[in-house]
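Please look over this protein with me. Keep the sequence and the 3D view open side by side as you read.

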Amino acid sequence: MRLRCPICHESLPIETLICQNGHAFLRTLDGIPNILPPELASRLDAIGRYREKIRAQLPIITDYKSLPYSLAPTHFEWRGRAQSLDMIKRFIQKYQPKSFLEIGGWNGWLTHHLAGYGAVTSVDFFADDADGLGAMKHYQARWERIQMDITDLTILDGHADMVIINNGVHLLANPLQTIRQAQNLVADGGVLVILEMPFYRNPSRRIAQLAQIEAQFLASGGVGSLFLYPTKGYFDDSDKQALHGMGVRLRPYPRYKMGLKALISPSAPMVMMGVWRKKSVGV
């Protein structure tokens, strides 16, 4: 995957990380290209410190190589990731992709499986070795990594047979715009998969939840906002219509109790997977 400078959008050679206009970027200690705009990098540092504080509340990962299945029996969120991987494997079997772009790689729980099928590039805001791109050290598999602002996918120059937005697109500033940009990165005949999209008919409880999360961040000494950009933080019926217009098909996750609850209670989320196929040239 080739790069463009996030400041001027000129070509950014991966070898030097210096564009023709002199904008220069560095690599992390782990060798990951860090092409974050300077103003964003400082905010990520503050949020990263907060992530370290709350990490103690999360499941302790002692065996990264067995993720996501090892934690699925005891942790609901990991059951969702296991379901995502199962569905991704079915798509791989169906479409036979040889190259992958993962947007939001987190700790590599999905990436290390993708690397068994082809060349993978994983991009994310964070590069730490616990739940960022640096977590690759916990796996035998290897893949390309880029630390960048994933709300601007136009700085990626290339295509992949399968593009995956790995959770959290609803927390970005403009999820529909991010999805459109991701569509532009899919190779002819390839597929875009968007994981764990929560849809609400009545988002009032979700709005209150997001406010509580922000309050906890500020109470712990955080400055500004836990979210890098202003975000709605969920999908609703208007988003569903827009996604339909973009050709994205929505599939519910096999969570029968959650699905039933969402049908009964308008404030409960219906979690969906988005799938979009790009036609081959001449078809």
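The numbered points below go from the whole chain down to single residues.

1. **What kind of model this is.** This is a predicted model, in which local features need pLDDT of at least 70 and side-chain atom pairs count only at pLDDT 80 or more, while totals for chains, interfaces and linings use all residues. Residues are numbered from 1 along each chain as its sequence is written, and side-chain values use heavy atoms, with hydrogens and water left out.

2. **Overall make-up.** The protein has seven helices and 12 strands. Both are DSSP runs, numbered from the N terminus: helices are H or I with at least four residues, and strands are E with at least two. The C-alpha atoms fill a box of roughly 55 × 55 × 40 Å along the principal axes.

3. Why does the radius of gyration agree with a compact globule? A compact globule of 283 residues would have a value near 19 Å, and the protein has 19 Å. The radius is taken over C-alpha atoms, and the globule rule is 2.2 Å times the number of residues to the power 0.38.

4. **Burial and surface.** Buried residues make up 49% of the 283 residues. Buried means under 20% relative accessible area, exposed means over 50%, and partly exposed lies in between (1.4 Å probe, protein chains only). The accessible surface comes to about 13,900 Å², and 55% of that belongs to carbon and sulfur atoms. These areas come from the Shrake-Rupley method with a 1.4 Å probe; for residues, only the protein chains shown count as cover.

5. **Contacts along the chain.** Take the contacts between residues at least 6 apart in sequence: 65% of them join residues at least 24 apart. Contact means heavy atoms within 4.5 Å.

6. **Charges.** The protein has 32 positive and 25 negative charges, and their mean positions are 8 Å apart. Lys and Arg count as positive, Asp and Glu as negative; His and the chain ends are not counted. Each charge is placed at NZ of Lys, CZ of Arg, CG of Asp or CD of Glu.

7. **Strands β9 to β12.** Start with β10, residues 186–199. Strand β10 is mostly covered, with 13 of its 14 residues buried. Five bridges join β10 to β9 (residues 160–165), and these two run parallel. Two strands pair if DSSP finds at least two bridges between them.

8. **Strand β12 and Met-272.** Strand β12 spans residues 270–277, and six of its eight residues are buried. Four bridges join β12 to β11 (residues 249–252), again antiparallel. Within β12 sits Met-272, which stands opposite Pro-252. Is Met-272 buried or exposed? Met-272 is buried, because its relative accessible area is 10%. Beyond its neighbours within four places in sequence, Met-272 has contacts that include Ile-194, Met-197, Phe-199 and Leu-250. Glu-10 is 262 residues away from Met-272 along the chain, and their C-alpha atoms are separated by 36 Å.

9. **A three-strand sheet.** An open sheet has the order β2-β1-β8, with antiparallel pairing. Its edge strands are β2 (11–12) and β8 (156–157), each pairing on one side only. Two bridges join β1 (residues 2–4) to β2. Leu-3 stands opposite Leu-12 in β2.

10. **The loop between α1 and α2.** Pro-68 lies in this loop, between α1 (38–54) and α2 (76–95). The peptide bond from Leu-67 to Pro-68 is cis, with omega near 5 degrees. Ile-60 is found in the loop between α1 and α2 too. Ile-60 counts as exposed because its relative accessible area is 69%. Between Ile-60 and Leu-71 there are 9.4 Å, C-alpha to C-alpha, and they are 11 residues apart in sequence.

11. **Backbone angles to check.** Most residues other than glycine have a negative phi, and most peptide bonds are trans. Gln-96 is not a glycine, yet its phi is positive, about 55 degrees. Gln-96 is in the loop between α2 and β5 (99–103), and is partly exposed at 48% relative accessibility. Trp-106 is not a glycine either, and has a positive phi of about 50 degrees. Trp-106 is in the loop between β5 and α3 (111–114), and is partly exposed at 23%.
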